[in-house]
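Morning, everyone. Let me put a structure on the screen, and then we will walk through it piece by piece.

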Amino acid sequence: MGRVSEIDSELRKPLSADSEDRATDLENQEALEAIENSEMHEIHQIQDVLRRISEGTYGICVECGEDIDPKRLKALPTATRCISCAG
């Protein structure tokens, strides 16, 4: 969340008055927005994992209700579907 706050702060800075610098600023903003979106997506996935853990449903496929292979969860802790349903 701290990183997302830093990105938000950077995105709120005013753009340069110089047209060349402004173009660079806009490119940087686009890159920061992409990073922010990716990080927010990851935060939501982690929050979902924590919710499923507290509900006792972590490691259970949301589609078929079968257990998700522990090897899959180790590789992708945010997995919500077993290999069969994810494919």
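Predicted model: local features only at pLDDT ≥ 70, side-chain atom pairs only at ≥ 80, totals over all residues.

Now, is R81 buried, exposed or partly exposed? R81 counts as partly exposed, because its relative accessibility is 32%. What does R81 touch, beyond residues up to four places away in sequence? The list is C61, V62, E63, I68, R72 and A86. R81 and I53 are 28 residues apart along the chain, and their C-alpha atoms are separated by 15 Å.

Next, helix α2. This helix covers residues 19-55, which gives it 37 residues. From its first C-alpha to its last, α2 reaches 53 Å. That is close to the 54 Å expected at 1.5 Å a residue. After α2 comes G56, and the phi of G56 is positive, near 80 degrees.

Which residues of α2 are buried? They are Q29, L32, E36, I43, V49 and R52. Part of the cover over these buried residues comes from α1 (2-11).

So how do the two helices sit together? Two packed helices are described by the angle between their axes and by the distance between those axes. For α1 and α2, the angle is about 155 degrees, and the axes are 10 Å apart. An angle over 145 degrees counts as roughly antiparallel, so α1 is roughly antiparallel to α2. The crossing of α1 past α2 is left-handed.

Who makes the contact? On the α1 side, R3, V4, I7, D8, E10 and L11. On the α2 side, Q29, L32, E33, I35, E36, E39, M40 and I43. By type, the contact residues are 7 nonpolar, 1 polar and 6 charged.

Pick out E36, in helix α2. Why is E36 called buried? Its relative accessibility is 12%, and buried means under 20%. Leaving aside neighbours within four places in sequence, E36 is in contact with V4, I7, D8 and L11.

Last one: N28, also placed in helix α2. N28 is partly exposed, because its relative accessible area is 44%. N28 and L11 are 17 residues apart along the chain, with their C-alpha atoms separated by 8.9 Å.

Note on methods:
Residues numbered from 1 in each chain as written. Heavy atoms only, no water. Helix = DSSP H or I, 4+ residues; strand = E, 2+ residues; numbered from the N terminus. Expected span 1.5 Å × (residues − 1). Buried < 20%, exposed > 50% of the residue type's maximum accessible area, 1.4 Å probe, protein only. Contact = heavy atoms within 4.5 Å. Axes fitted to C-alpha atoms, helices over the stretch in contact; angles between N-to-C directions. Parallel < 35°, antiparallel > 145°, perpendicular 65-115°, else oblique. Left-handed = near helix turned anticlockwise from the far one by under 90°. Nonpolar A, V, L, I, M, F, W, Y, C, P; charged D, E, K, R; others polar.
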